Amino acid sequence: MTDAVTNPPNGGPRSDESQIWTGSPSQWLNAGWYIACLAGVGVLFAVAALTGQPLLAALAVIPAIGALVKFLTVRSTRIDVTTERITTTVGIFSRRKWDME
């Protein structure tokens, strides 16, 4: 009975895995993307103001949505480093997980 407690079900020795670091990437990874989206929004608003076409100003939503998707992608990325493995979890709506031992 004590053998089942000390050894995991696969029969191998029990590992003492401890967490070293947990975190996520920085939003600075997307700084270029954010600047491009901001410039796109500014250009669309300027062209809409100069031509009198309010529909062009409504198209400014497209770069804003692109920036939001990039933000959420980095925000939902999680990296866990332990003594045994590095685990990366990515996903906004569905999670994908990679382990490297």
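Visitor: In what order do the elements of the protein chain run from the N terminus on?
Guide: Helices and strands here are DSSP runs, numbered from the N terminus. The model is a predicted one. The protein chain holds 4 helices and 4 strands. From the N terminus on, the order is α-β-α-α-α-β-β-β.

Visitor: Where does T89 lie?
Guide: Look among the strands, of which the protein chain has 4. The one with T89 covers residues 86–90. That element is strand β3.

Visitor: Is T89 buried or exposed?
Guide: The cut-off for buried is under 20% relative accessible area. T89 has 15% relative accessibility, so T89 counts as buried.

Visitor: Which residues is T89 in contact with, leaving aside its neighbours within four places in sequence?
Guide: A contact needs heavy atoms within 4.5 Å. With those neighbours left aside, the partners of T89 are S76, T77, R78, R95, R96 and K97.

Visitor: Which ring does the charged end of K70 sit over?
Guide: To sit over a ring, the charge must be within 6 Å of the ring centre. For K70 the distance is 5.2 Å. The ring belongs to W33.

Visitor: How many aromatic pairs does the count come to?
Guide: A pair needs ring centres within 6.5 Å. By this rule, the number of aromatic pairs is 0.

Conventions:
Residues numbered from 1 in each chain as written. Predicted model: local features only at pLDDT ≥ 70, side-chain atom pairs only at ≥ 80, totals over all residues. Heavy atoms only, no water. Phe/Tyr/Trp six-rings, centres within 6.5 Å; stacked < 30°, edge-to-face > 60°. Lys NZ or Arg CZ within 6 Å of the ring centre and 35° of its normal. Helix = DSSP H or I, 4+ residues; strand = E, 2+ residues; numbered from the N terminus. Buried < 20%, exposed > 50% of the residue type's maximum accessible area, 1.4 Å probe, protein only.
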